[in-house]
Amino acid sequence: STVIFWNVPHSGWEFLSWGLTEDGELYRNGTHLVAPPPGVARWRDVFAASGTCFAVGDDGKLYLGGSTPLEVAVQGIPWKKVAVKQYSFATLSTNGVAYVHGSGFYGEPASTELQFPAGVTQWIDLQATAHEFWFLGDNQQLYTSDGGQMRAIIRPSGVQHWTRHAVGGLH
């Protein structure tokens, strides 16, 4: 099972965790089962966010804290991954398309589909730091974006392709 840690201010700092079992059950703090909302039989994945988690149900929808459906401007797309940065978050669809989500001028949900750079036909992975999103393309190249223009990460001499990546915090 996967365990994701997150912090919540509560009379100081309290460390909490989210755990996802192989059979799709979501637990808060390792002991509190989070019952799925109507229409969700099991959870597919869980991702840390500031003060909560994003859970993906087997219906392909996003849920905050495993209970509240998350409204995004694009609907009807099944999600497989979420990455959260400081003021926005990105999602990766099951067919490898990435979207950045945030709020519009009047606070309404706003979503932008990120365009593929030359040589990429789908995104394989998605991660976030506090200020940037990182993507792994199906061409095994790493890219970074603040939600706007995509920039390729230069490979060191002798590195032919990337297979995995990890980012964190302010990096």
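Predicted model: local features only at pLDDT ≥ 70, side-chain atom pairs only at ≥ 80, totals over all residues.

Q: How is a pair of aromatic rings described, and how many aromatic pairs does the structure hold?
A: A pair of aromatic rings is described by two things, the distance of the centres and the angle of the planes. In this structure there are 7 aromatic pairs. One of them joins Trp43 and Tyr63, with 5.5 Å from centre to centre and 80° between the planes, and it is edge-to-face.

Q: Why does the pair of Trp43 and Tyr63 tie together parts that are apart in sequence?
A: Trp43 belongs to strand S5 (residues 43-49) and Tyr63 to strand S7 (residues 62-64), so the pair ties together parts that are 20 residues apart in sequence.

Q: Is Trp43 buried or exposed?
A: Trp43 is buried, because its relative accessible area is 2% and buried means under 20%.

Q: Why is the pair of Trp123 and Tyr143 called edge-to-face?
A: Planes over 60 degrees apart count as edge-to-face. The ring planes of Trp123 and Tyr143 stand at 75°, with the centres 5.5 Å apart, so this pair is edge-to-face. Trp123 is in strand S13 (residues 123-128) and Tyr143 is in strand S15 (residues 142-145), so the pair ties together parts that are 20 residues apart in sequence. Both Trp123 and Tyr143 are buried.

Q: Which residues do ring pairs link into a cluster?
A: The cluster consists of Phe116, Trp123, Phe133, Phe135 and Tyr143, linked by ring pairs.

Q: How many salt bridges does a search of the whole structure find?
A: The search finds 2 salt bridges. In one of them, the side chains of Lys81 and Asp125 meet at 2.7 Å, N to O. Lys81 is in strand S9 (residues 79-84) and Asp125 is in strand S13, 44 residues apart, and the pair links distant parts of the chain.

Q: Are Lys81 and Asp125 buried or exposed?
A: Lys81 has a relative accessible area of 18% and is buried. Asp125 is buried too, with a value of 15%.

Q: Where do the residues of the salt bridge between Arg151 and Glu132 lie?
A: The side chains of Arg151 and Glu132 meet at 2.6 Å, N to O. Arg151 is in strand S16 (residues 151-152), and Glu132 is in the loop between S13 and strand S14 (133-137), so the pair ties together parts that are 19 residues apart in sequence. Arg151 is partly exposed, with a relative accessible area of 35%. Glu132 is also partly exposed, at 21%.

Q: Which residues does Gln115 touch, leaving out those up to four places away in sequence?
A: Gln115 touches Trp123 and Met150. Gln115 sits in the loop between strand S12 (109-113) and S13, and is exposed at 59% relative accessibility.

Q: What shows where empty space is left?
A: A probe the size of a water molecule is rolled over the atoms, and this shows where empty space is left. Here the second largest pocket has a volume of about 210 Å³. It is lined by 14 residues, and the closest to its centre are Lys61, Leu62, Leu70, Gln75 and Gly76. By class, the lining has 8 nonpolar, 3 polar and 3 charged residues.

Conventions. Residues numbered from 1 in each chain as written. Heavy atoms only, no water. 1 Å grid on protein atoms, 1.4 Å probe; cavity = no way out; pocket = protein on both sides within 12 Å on 5 of 7 lines; lining within 4 Å. Points joined across faces, edges and corners; volume = space filled by probe spheres on them. Nonpolar A, V, L, I, M, F, W, Y, C, P; charged D, E, K, R; others polar. Phe/Tyr/Trp six-rings, centres within 6.5 Å; stacked < 30°, edge-to-face > 60°. Helix = DSSP H or I, 4+ residues; strand = E, 2+ residues; numbered from the N terminus. Buried < 20%, exposed > 50% of the residue type's maximum accessible area, 1.4 Å probe, protein only. Salt bridge = Lys/Arg side-chain N within 4 Å of Asp/Glu carboxyl O. Contact = heavy atoms within 4.5 Å.
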